Amino acid sequence: MSIANFPLDPQNVIHPGNDPWDPIASLRQHGRHVLTSVEMTITNLCNMRCEHCAVGDSLVMVEPEQIPLSLVLKRLDEVEHLKTISITGGEPTFRKQTVDEKIIPLLRYAKERGIKSQINSNLTLDYERYEKLLPYLDVMHISFNYTSADDFHEIGFARSGHSVKREVAERMYETMMENSIRLSQAGMFVSAETMINYRTYRKLPEIHRMILEMGCKRHEVHPMYAADFAEGLPLLSLEDICMSVESLLDARDPDTWMLFGTLPFFACSPSETEQKLIQRLRDEPMVTVRNDPDGRNRVNVNMFTGEVFVTDFAAIPSFGNVDTESLDQIFNKWLHTHPLNKTVNCYCDAAGCCGPNLLVKDMYYKDIDFKSRSAITL
Ligand code: SF4
């Protein structure tokens, strides 16, 4: 379902036929899941407090010392099949010192090793700190769930605990859009992610149009699942998500790459509506569906404690620590021994699907045994 319709690019350029974050490629190559992707939580500081933030509960005002960068680089070096690194927060660029002393060395390492890199940023700070990343970074990943500065104000500071003036929010909103335009013009691959949730599910075409105006090279769309900060937010029905994706496919720019992730629709579904949508996603040009990387080909390293998680949501406790074990060892422990992994590690090669995300399974398919199902549409 995901990248199968596109020829692989020998130049290893990121495009719809080559998404190095999708676990299906390494699963096919090695015949089993291997660790190819390491995400690092580099800060818990952030200038925003978004309603939907996946790591909102971890955000702080002051943070402790980090583990030595040399240890992290050593652990990355040991990962045999490493293809990508991702740097996340908080807002990774919140402190300029982090940009210079941590982020740039990590990105430089990735470049020298020939692997791809991504930063998850809100892009609301001064242009100069993002500009510094231009020579090294492959994907600047931002969240964009708004149609106006009012949306941004309401969503972006929902959890700040004190009121933030509308003018302040508006300035940040404009800075984010200007930064995206300038960075895109300078050659950066800016990928904007929109969450499908109770606020956005009827507005995706409009959000898409704004993302195009911001010069983004890719629009990512993921349903929002209730975790951590977002726990209390209303859950959309599968029908609403399906309708929302269809409305976006109807209105999208056919020349811009659309990447769908963590969708709750599978080729083994008995629902005719879902099967139709899956077929459409497969047939549409410039549309890909990424399999969920969490616990399939990716781990998350906390740069303060060295603890390793299979998701950055931290709902599943740490699996080990880079201080004492290699990342491949820790990943294999999860893969081979954890009962939760055994509930979602199905694989239908012809459908390009390697099973549901853990949150998706928990939220919509509690009683479904995916291991006993197989793809109907191929
Ligand atoms: S059984 Fe698993 S791998 Fe096969 S289509 Fe369903 S979710 Fe995907």
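Leu123 sits in the loop that links strand 3 (116-121) to helix 4 (127-131). Its phi is positive, about 60°, although Leu123 is not a glycine. The model is predicted, and the mean pLDDT of the protein chain is 90.

**Confidence**
- Of the residues in the protein chain, 92% have a pLDDT of 70 or more.
- Residues 1-8 remain under 50 in pLDDT.

**Backbone geometry**
- Most peptide bonds are trans, and most residues other than glycine have a negative phi.
- The peptide bond from Gly89 to Gly90 is cis, and its omega is near 15°.
- Gly90 belongs to the loop between strand 2 (84-88) and helix 3 (96-113).
- Leu123, with its positive phi of about 60°, is likewise a loop residue, placed between strand 3 and helix 4.

**Helix 5 and helix 6**
- A packed pair of helices is described by the distance between the axes and the angle between them.
- Helix 5 (residues 149-156) packs on helix 6 (residues 166-185) at about 110°, and their axes are 9 Å apart.
- Because angles from 65 to 115 degrees count as roughly perpendicular, helix 5 is roughly perpendicular to helix 6.
- From helix 5 the contact involves Ala149, Phe152, His153 and Gly156, which meet Arg166, Ala169, Glu170 and Tyr173 in helix 6.
- By class, this contact of helix 5 with helix 6 has four nonpolar, two polar and two charged residues.

**Helix 7 and helix 8**
- The axes of helix 7 (residues 204-213) and helix 8 (residues 238-251) come within 8 Å, crossing at roughly 45°.
- At that angle, helix 7 is oblique to helix 8.
- The crossing of helix 7 past helix 8 is right-handed.
- Helix 7 contributes Leu204, Pro205 and His208 to the contact, while helix 8 contributes Ser244, Ser247, Leu248 and Ala251.
- By class, the contact of helix 7 with helix 8 has four nonpolar and three polar residues, and no charged residues.

**Ligand surroundings**
- The ligand is surrounded by 15 residues.
- The closest of them are Phe266, Cys268, Cys346, Cys348 and Cys353.
- By class, the shell around the ligand has 12 nonpolar residues, two polar residues and one charged residue.
- Cys counts as nonpolar here, as does Phe, so the closest residues, Phe266, Cys268, Cys346, Cys348 and Cys353, fall in the nonpolar class.

Definitions and conventions:
Residues numbered from 1 in each chain as written. Predicted model: local features only at pLDDT ≥ 70, side-chain atom pairs only at ≥ 80, totals over all residues. Near = placed C-beta within 6 Å. Axes fitted to C-alpha atoms, helices over the stretch in contact; angles between N-to-C directions. Helix = DSSP H or I, 4+ residues; strand = E, 2+ residues; numbered from the N terminus. Parallel < 35°, antiparallel > 145°, perpendicular 65-115°, else oblique. Left-handed = near helix turned anticlockwise from the far one by under 90°. Contact = placed C-beta atoms within 7 Å. pLDDT = per-residue confidence, 0-100.
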